[in-house]
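Subject: Handover of a structure and the findings from it

Dear colleague,

Please find below the structure that I am handing over to you. The findings follow it, grouped by topic.

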Amino acid sequence: MIVRRFYDERLAQASYLIGCERVGEGILIDPARDVSPYLAAARQEHLRITRVAETHIHADFASGTRQLAAETGAVPHLSAEGGPDWQYQFATADGAVLLHDGDTIVFGGVRLDLLHTPGHTPEHLAFIVTDLSRSNEPVAILSGDFLFVGDVGRPDLLERAAGVADSKRAAARALFKSLRRMESFPDYLQVWPGHGAGSACGKALGSLPSSTLGYERRTSWAFAATDEAAFVESVLEGQSEPPIYFAEMKRLNRAGPPILSLAELPILGPDAFGPIGANGFLLDVRPGNAFAEEHLEGWLNIPLSRAFTKWAGWLVPYDRDVYLLASDPAAGADARAALASIGLDRVKGVFGPDLIATARQRGSAISAQRVPMAEVKTLQQRGVVVVDVRDPDEWDAGHLDGAKHHPLGTLPRAMASVDRSTPVAVHCAGGSRSGIGASMLEQMGFRNVTDLTGGWSAWNGIDG
């Protein structure tokens, strides 16, 4: 049996290629939108990807199932569990095989047994993997968003992100019962989860890429909770605000993401900027320091870092054409691929540094107003409104007296009704989120915005 794991650092998301060398076939579980890594791996392993499957309807990234099927002819295998409200709408038209609890997929020396594990979502399936060339005993569970290293999939997303009222407690009880189904499986069963640390699909995911069921039984809080009522309270407590784009991803993945056919991203010269006007959404993906030194009015800065996709999902609209400003064409292409991974497909072109140079010559380039966090009290005495854009758990652990708390993803909504002449200073933990937040406020029309560098860590005398 051949096993290849693929991991997208920005999405904290794992996909798996399971293949049989003897028959030269493979199945891809939970593919992301960019299928090129899977195709390359299949060529290296001399496999044909004949099947593509999902553990559930994803909320945090655009599924690559339809894309992979279109490019390889692989047959989609999709859950038919969860009731009528949680069926894949494209399944019939795409000729999908519908999967139920207890079904089996066999090719060559590989067997996958399907286990219905609701809780994170009603239709969720886990895949029990057996390498028949070695044993009839299972070797691993492809657990999707049911079971993570050190955690379980959060059961509140349908209520908080998809708007399914009064569903989170019932989902938590279902998750508790799903965990009990694991009691019949051996300790040595490897756990291959769908996400790692940094994913918003759980609250305390471990950074290890895999685990064993026995280790999770010994160390995970979820298995330690033997009382259903106590489990329900524990799993719902402390869950972060789900990114606003999760609702869009649920809708998109249920309906079926469109097949991408990405032509080369147009490289735009400075003269193309004027006609865009207010019709396009302007996204500067250069590093934060470069943006702070020199940028154009009206551009949101989200640096092309590990957190880029997360903040783009919060702050970039789905209903507008997007124009990028990048350090070079490769960075622009990378940004477009990252945006496409969450269904933001309306990227129309990328500007380069020559746009900044032209603005500098014309006197329209501006710099960010940046002040060390040590001066925050002076700013407050001058009537500047200090906005803390950290997460709720960070705020609860300690915050500045008199500051307003608006987590970064909620900033546009929270500040929508505030007078644009209000002087505002933004801080986070170390400075990266405050830079994004300050640029967001500038884009919204605030005329006096300060980025408090160093953030809460500097205020507490902690390096970084």
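In what follows, a residue is called buried under 20% relative accessible area, exposed over 50%, and partly exposed in between, with a 1.4 Å probe and protein chains only. The model is predicted, and local features are therefore given only at pLDDT of at least 70 and side-chain atom pairs only at pLDDT 80 or more, whereas totals for chains, interfaces and linings use all residues. Residues are numbered from 1 along each chain as its sequence is written, and side-chain values use heavy atoms, with hydrogens and water left out.

Salt bridges

A salt bridge is counted when a side-chain nitrogen of Lys or Arg lies within 4 Å of a carboxyl oxygen of Asp or Glu. By this rule there are 23 salt bridges. Helices (H or I, at least four residues) and strands (E, at least two) are DSSP runs, numbered from the N terminus.

One of the pairs is arginine 10 with aspartate 334, whose closest N and O atoms are 3.0 Å apart. This pair links distant parts of the chain, since arginine 10 belongs to the loop between β1 (2-8) and β2 (13-20) and aspartate 334 to helix α12 (residues 329-340), 324 residues apart. Arginine 10 is partly exposed at 22% relative accessibility, and aspartate 334 is partly exposed at 31%.

A second pair joins arginine 48 and glutamate 25, at 3.7 Å from N to O. Arginine 48 is partly exposed, with a relative accessible area of 48%, whereas glutamate 25 is buried, at 19%.

Aspartate 113 and arginine 111 also meet through their side chains, at 3.0 Å from N to O. Aspartate 113 has a relative accessible area of 23% and is partly exposed; arginine 111, at 22%, is partly exposed as well.

Strands and sheets

Two strands are said to pair if DSSP finds at least two bridges between them. An open sheet is formed by 5 strands in the order β15-β19-β18-β16-β17, with parallel pairing. Its edge strands, β15 (267-268) and β17 (300-301), each pair on one side only. Within this sheet, β18 (residues 321-325) and β19 (residues 347-351) run parallel over 4 bridges, and leucine 324 has valine 350 in β19 as its bridge partner.

Which strands are joined to β24? Strand β20 (residues 369-372) is joined to β24 by 4 bridges, in parallel, with valine 371 opposite leucine 452. Strand β23 (residues 424-427) is also parallel to β24, through 3 bridges, and alanine 425 is there partnered with threonine 450. From β23 the chain passes through helix α17 (residues 432-444) to β24 in a right-handed β-α-β crossover (with the strands pointing away from the viewer, the path from the first strand over the helix to the second runs clockwise). Strand β24 (residues 449-453) is mostly covered, with 4 of its 5 residues buried.

Nonpolar cores

A nonpolar core is a set of buried Ala, Val, Leu, Ile, Met, Phe, Trp, Tyr and Cys residues joined through side-chain atoms within 4.5 Å. The largest core has 65 residues, and those with the most contacts inside it are Leu283, Ile302, Leu324 and Leu441. Another core, of 23 residues, lies apart from it and includes Ile141, Phe146, Leu147 and Val152.

Contact means heavy atoms within 4.5 Å. In helix α2 (residues 65-72), Thr65, Gln67, Leu68 and Ala69 are buried, and the buried residues of α2 pack against β3, α1 (36-45), β4 and β5 (75-79). Glycine 73 follows α2 and has a positive phi, near 80°.

Serine 143 is in strand β10 (residues 140-144). Is serine 143 buried or exposed? Serine 143 is buried, with a relative accessible area of 0%. Leaving aside neighbours within four places in sequence, serine 143 is in contact with His124, Ala126, Val191, Trp192 and Pro193. The side chain of serine 143 also reaches the backbone oxygen of leucine 147 at 2.6 Å.

With kind regards

Notes: Polar contact = N/O pair within 3.5 Å; in protein donor to acceptor, adjacent residues only side chain to side chain.
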